Every structure is written in structure tokens, then in C-alpha cells.
Amino acid sequence: GATIAAHAQPLRYGLSLMNRWVSEGGNPFADAKWDEAWKTSGVDAAAWEEIRKGLGHETHRWLQALNSPREVTELELSGMIGSIAHLAYHLGAIRQIDRQARGPKEGTFLG
């Protein structure tokens, strides 16, 4: 199974491509190197901090882009919606890897 870092890095990379698309246009996915993003396995504290900061930065940039009205094609809209599913997939995988990220157990939260 992949590590949390191995899920965080491709997510960061994917969001960076979406942010490039917003800022530069064109197709940043045409030359994407997904294999590089998935090579992340065990990381030291400094590398983990860099991944986390980078993921936070790209996430905030993408949220700003999603909140900014713009004209998009049907294909672009599909990509934007797909980015949300991509985020959900990786966050779900991280929750499965780390018991502490799973949230409260049944019956232990106020409803």
C-alpha cells in the first residue's frame, strides 16, 4: 500500500497542474509526469513538511480558482469537477491509511 506521502504528493502535483491551467491556459496535462509524483514513499520530517506546505499552497490556489467566475468549455468543466473527485479519492485513501485521520467512531460523536 501507498504511504500518506505517496497520496499527498500526486494530489499536490495534480492541483499544481490545475493551477497552471488557470493561470497559463493551454493543456498542462499534455506533458504531465505522474510517475514522478507517485515515487514518493518514506520521507523525512523536512520532506514531509515541504509536501504538506506545497499541498496546502496548491489547495488554496485551486479553491480561489473555483471561487472565481470564468467561462469554461464542457471539457474544462469536467476537469474541474474531476479535480474534486481526485481530491476525495486521495483524502479517502489517507483516512484508510491513518486511523487518526478517520474521524470519530460510531456512537462517540454528538449528533
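What percentage of the 111 residues in the protein is made up of buried residues? Buried residues come to 26% of the 111, where buried means under 20% relative accessible area, exposed means over 50%, and partly exposed lies in between, with a 1.4 Å probe and protein chains only. The model is predicted, so local features need pLDDT of at least 70 and side-chain atom pairs count only at pLDDT 80 or more, while totals for chains, interfaces and linings use all residues. Residues are numbered from 1 along each chain as its sequence is written, and side-chain values use heavy atoms, with hydrogens and water left out.

The protein has four helices and zero strands, and its pattern along the sequence is α-α-α-α. Helices (H or I, at least four residues) and strands (E, at least two) are DSSP runs, numbered from the N terminus. The C-alpha trace spans about 45 × 40 × 20 Å along its principal axes. Among contacts with a separation of 6 or more, 73% join residues 24 or more positions apart; contact means heavy atoms within 4.5 Å.

The accessible surface is about 7,700 Å², and carbon and sulfur atoms hold 56% of this surface. Accessible areas come from the Shrake-Rupley method with a 1.4 Å probe, and for residues only the protein chains shown count as cover. The protein carries 12 positive and 13 negative side chains, with the centres of the two sets 7 Å apart. Lys and Arg count as positive and Asp and Glu as negative, without His and the chain ends; each charge is placed at NZ of Lys, CZ of Arg, CG of Asp or CD of Glu.

Helix 1 has 21 residues and reaches 30 Å from its first C-alpha to its last, close to the 30 Å expected at 1.5 Å a residue. The expected span is 1.5 Å times one less than the number of residues. Because 15 of its 21 residues are buried, helix 1 is largely enclosed by the rest of the structure. Just after helix 1, Gly-25 takes a positive phi of about 75°.

The largest nonpolar core has 11 residues, including Leu-11, Trp-21, Ile-51, Trp-62 and Met-80. Such a core is a set of buried Ala, Val, Leu, Ile, Met, Phe, Trp, Tyr and Cys residues joined through side-chain atoms within 4.5 Å. Helix 1 (4-24) and helix 3 (45-66) are the elements that give two or more residues to this core, and helix 1 gives the most, with six. Leaving aside neighbours within four places in sequence, Trp-21 is in contact with Gly-26, Pro-28, Trp-62, Arg-70, Val-72, Glu-76 and Met-80.

Helix 4 covers residues 74-97, and its 24 residues reach 35 Å from first C-alpha to last, close to the 34 Å expected at 1.5 Å a residue. Its buried residues are Met-80, Ser-83, His-90, Ala-93 and Ile-94, and they pack against helix 1, helix 2 (34-38) and helix 3.

Thr-59 lies in helix 3 and is partly exposed, with a relative accessible area of 23%. Thr-59 and Ala-5 are 54 residues apart in sequence and 16 Å apart in space, C-alpha to C-alpha. Gln-96, in helix 4, is exposed, with a relative accessible area of 57%.
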